[in-house]
Every structure is written in C-alpha cells, then in structure tokens.
Amino acid sequence: MPETYFITGAQGCIGSWIVKALVERGDTPVVFDRSEDKRRLNAIIGPGDLDRVRFIAGDVTDVSAVNSALEASAARRIIHLAGLQVPSCRTDPVAGAFVNVVGTLNVFESARTIGVERVVYASSAAVFGAGDAEIPLAETAKSEPTTHYGVFKRTNEGNARVYFLDHGLSSVGLRPLTVYGVNRDVGLTSDPTRAMKAAVLELPFHIRFSGATDFQYVADTAAAFLACVDHAPDGAHVFNLHGETVEVARIARLINENSPAGHELVTYGGPPIPIAPALDNTAIKRVIGDLPSTPIEPGVRETMQRFTALRDAGRLDTSDIESELSGAACAAPMRTSSRAMPITIPTNMANQFHSRFSRRSWDTKLADALKKSAVKCRIYKSEIASFLIRG
Ligand SMILES: NC(=O)c1ccc[n+]([C@@H]2O[C@H](COP(=O)([O-])OP(=O)(O)OC[C@H]3O[C@@H](n4cnc5c(N)ncnc54)[C@H](O)[C@@H]3O)[C@@H](O)[C@H]2O)c1
C-alpha cells in the first residue's frame, strides 16, 4: 500500500534524494519548502516521476502554514529537513534560531496536534566539537558544539525528547557529518562535491579544509532517513550516521584521478572541520538494522558520472561554482586541443558579462556578446563557457 510522506526542506540536497527514493518505490512525497526552485529535484528525477510529487510552498517558521500543509497532505510520516546551514547561522544567529529551533518546534507541534506516527528530523554531527581523530564518537560522547548551528541542533534533540515525554510523539534525530553527492552545494562541507563538479568542467577548485572527515554518500543518507521513518520503534531516538572517515587529501586525489583533464585541478588546504571526524553508528545498526554504505571511491565516481551526464545534456547547474567560473574566464586558457587555440578574456569583459547576465543563461548570452564583439568563439555545450578561437 503506497504511503504518503510529508518532507520539509525537500527542495534541498538530502530531501531531493529522499523524494527520488520515494517516487522510485511508488510512494507519494509531499514537499514542504519555502523555495519553489525545483532545480535539485530536476537534476536527479525524471519528469514522469516528478509529476507524482506534491508541492506545498511554505515556511517552517509559520506554524499555521505548517499545520494546514500537514493536514492537507494527510501524511502520517514526517521527515523534517528544512534548516539554515552553519554559515547562515553564524551570520545571523537570530534568524538561524527562528528557522532551526522554532521551525522544528512548529513541525513537532503540528505533528502532535494532528497526530502522526513518527517524525524523523535532521540533527547534525555538529552537536559534537572537535574530537579525538582516533576514536569514533558514540551518541553518548560529550556534546560541546562550537557553532550556533550545533547548539540549535542539540536543542532540537532535547525538544524532541520532551515531546515524547509529554505527548508520546515518537521521533528520530539523525546526525550526518559531511554528506556528498549531486545537489550538495551549501556550506563549507559542500566543497568536496563542488570540487567534483568543477573537475568535470575542467576548472580548478580549492577545498577550503584539510584533515579527515566522515563522508557519507547522499543516497545512503536518504536511505537512513527512510529506514528510520518506516521502522523506528517508539521513543525519542538520536542516532549518529557514519559513511567513511577519509582524509581530504584522498578525496582530492580521487577527484583528480576521475577528472577528464587528468591533472591536478583540485587542491585543498585550511583548518580541519571543527567536528570529530569519525562517528560510531553502532546504535542505528542495532535498532534499525543494516543500512546501505557506499565506499568513497564508487561514491565519488558515481557523483562525477552524474555531473558529466548533466553537463553533456546542458543541464548542469553551475551557480554554486560561480567564483571558479569567473576566475577561469579571466584566467583562460582553460582547454587546449590541436585544433583550437585558447584566448584570454580580459577581466573587465568577464566581470561585465558576469554581472549583467542571469546565472542560467550566462553561457548563451556570453556567446552572443562575444559574437557581437567580433571575437570568433565556440561555446561548449555544457554550461561552462570555454572560450576558444578556432585555428
Ligand atoms: N548536508 C549535510 O552534510 C548535512 C550534515 C548534517 C546535517 N544536515 C542537516 O540536514 C538537513 C538537510 O540538509 P541539506 O544539505 O539538504 O540542506 P540544504 O541547504 O540543501 O536544504 C535545506 C532546504 O531547507 C529549505 N528551507 C530553509 N529554510 C526554510 C524555511 N524557513 N521554511 C521552509 N523551508 C526552508 C531550503 O529552501 C532548502 O530547500 C538540514 O537541516 C541540515 O542542517 C546536513
């Protein structure tokens, strides 16, 4: 019997993969998000399947909007992902608290009043501070978040526990660390994924951190949310998620090895992520059972293959690597071949194009503009502008 799921923040990265998994197995996702931009869903779900998704635009900070949307959905299982990431919470902690804490309370409050089976919500490994690299942290390890974001996530775990104590509302909080894969494009830990996209476009990219972190392939993260919302026992549970603890140096090497340019486009450096790099996931495996776990090499390969397919279809969204795009435009040559000679686009010209044209139509408009400026050029089918004068 197909089931309906109410998913907040499902226009985002993890949500898009949860929606994909649900439509593929014949269930109905109801997407509740303040954004109506379907570009992430479009990147991984075919138009036929997307027709089966229901959309309700709304903000989790508005309790009556959450309430009426949840009621209209008739869903009994909720996955709550809507939230602001670390940089936004750092810049504006008050707005961060409204969305991440009050928004989560609104979801629980609606779930309690309407009466749902279970809420699974995104907590984060950011509830931990920097820890000992050698010891995978269990849920019982000391929680000393170093960011407002981590404090907000920890607060949500406490509120979820109280909803079970006061009202018997069952929930699971999941703590991912560094999720990677197509659609991961916000926050510092999105750098490895953005580096994969840049490499597919043959652009240089610098990952702004070093050391090791716990990488989880996004399809596995989505599977963990679904397993919990379908099967978790009653109670207020909190589980770590674990993929593979990997040095950023290895990720950069893997990306470079899989890059069409075949050389060192991706570099890394900077302080390590201030969160312990290895999470112990014994608890979720004990309670929920075995979960998919994609090793890092096939995970990186699959992500780059997906980016390549999107690039070749002219559907690769490049708005998250704009600085690399404009940098490359100024610093051509970008691509050489025996039949083509690279040209350098003057900085002022590139900047002018960059600021004048909307992100999506950037390459097409640029082609027109270059034609008008009497420069012979060829724009590659992908969204990246590669400027070449034919010999
Ligand atoms: N991606 C990771 O590595 C990671 C790690 C740990 C925890 N998490 C948590 O998992 C959740 C999902 O992460 P993601 O990477 O998919 O994030 P994302 O930034 O890609 O997506 C977040 C979504 O929430 C929506 N949203 C933001 N504010 C909203 C509001 N007020 N009302 C309704 N919708 C709103 C956004 O429009 C967006 O679609 C977040 O809560 C995040 O904190 C993610």
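Predicted model: local features only at pLDDT ≥ 70, side-chain atom pairs only at ≥ 80, totals over all residues.
Q: What makes up the protein chain, and how many of its 391 residues are buried, as a percentage?
A: The protein chain has 15 helices and 14 strands. Of its 391 residues, 47% are buried.

Q: Why is T147 called buried?
A: A residue is buried if 20 or more other C-beta atoms lie within 10 Å of its own. T147 has 21, so T147 is buried. You will find T147 in the loop between β5 and α7. Leaving out residues up to four places away in sequence, T147 touches V86, C89, R90 and A126.

Q: What makes L279 a buried residue?
A: Set the count against the cut-off of 20 or more: L279 has 26 other C-beta atoms within 10 Å, so L279 is buried. L279 sits in the loop between β12 (266-268) and α11 (282-288).

Q: Is A74 buried or exposed, and how do you know?
A: The cut-off for exposed is 12 or fewer, and A74 has 11 C-beta neighbours inside 10 Å, so A74 counts as exposed. A74 lies in the loop between α4 and β4.

Q: What stands out about the phi of A74?
A: The phi of A74 is positive, about 60°, although A74 is not a glycine. Most residues other than glycine have a negative phi. A74 follows α4.

Q: Why is E202 called partly exposed?
A: Partly exposed lies between the two cut-offs, 12 or fewer for exposed and 20 or more for buried. E202 has 19 other C-beta atoms within 10 Å, so E202 is partly exposed. E202 is in the loop between α8 and β8 (205-207), and its phi is near 60°, a positive value in a residue other than glycine.

Q: How do you know that the buried residues of α4 line one face?
A: The buried residues here are V66, A69, L70 and S73. Seen down the axis of α4, they fall within an arc of 100°, so they line one face of the helix. An α-helix has 3.6 residues a turn, so residues three or four places apart point the same way. Among the elements covering the buried residues of α4 are β1, β2 (28-33), β3 (54-57) and α6.

Q: What puts the buried residues of α12 on the same side?
A: In α12, G299, V300, T303, M304, F307, L310 and R311 are buried. Their arc around the axis is only 125°, which puts them on the same side of α12. They pack against α2 (39-44), β7, α8 (191-200), β9 (212-217) and α10 (248-258). Helix α12 (residues 296-312) has 17 residues, and its reach of 24 Å from first to last C-alpha is close to the 24 Å expected at 1.5 Å a residue. Just after α12 comes G314, with a positive phi of about 70°.

Q: How do you know that the length of α6 agrees with its number of residues?
A: Helix α6 (residues 93-114) has 22 residues, which should span 32 Å at 1.5 Å a residue; its end C-alpha atoms are 30 Å apart, so the two agree. At V102, α6 bends by about 25°. Its buried residues include G96, V99, N100 and G103, and the buried residues of α6 pack against β1 (4-8), α4 (63-73), β4 (77-80), α5 (86-91), β5 (118-122) and α7 (148-167). Just after α6, G115 has a positive phi of about 90°.

Q: What makes up the shell around the ligand?
A: The shell divides into 11 nonpolar, 13 polar and 4 charged residues. Of the 28 residues around the ligand, G9, G12, G83, A122 and V179 come nearest. At least two residues each come from α1 (13-24), α6 and β7 (178-180), and α1 gives the most, with 3 residues.

Notes: Residues numbered from 1 in each chain as written. Helix = DSSP H or I, 4+ residues; strand = E, 2+ residues; numbered from the N terminus. Expected span 1.5 Å × (residues − 1). Bend = angle between axes of the 7 residues up to and from the residue. Contact = placed C-beta atoms within 7 Å. Near = placed C-beta within 6 Å. Nonpolar A, V, L, I, M, F, W, Y, C, P; charged D, E, K, R; others polar. Arc of directions from axis to C-beta.
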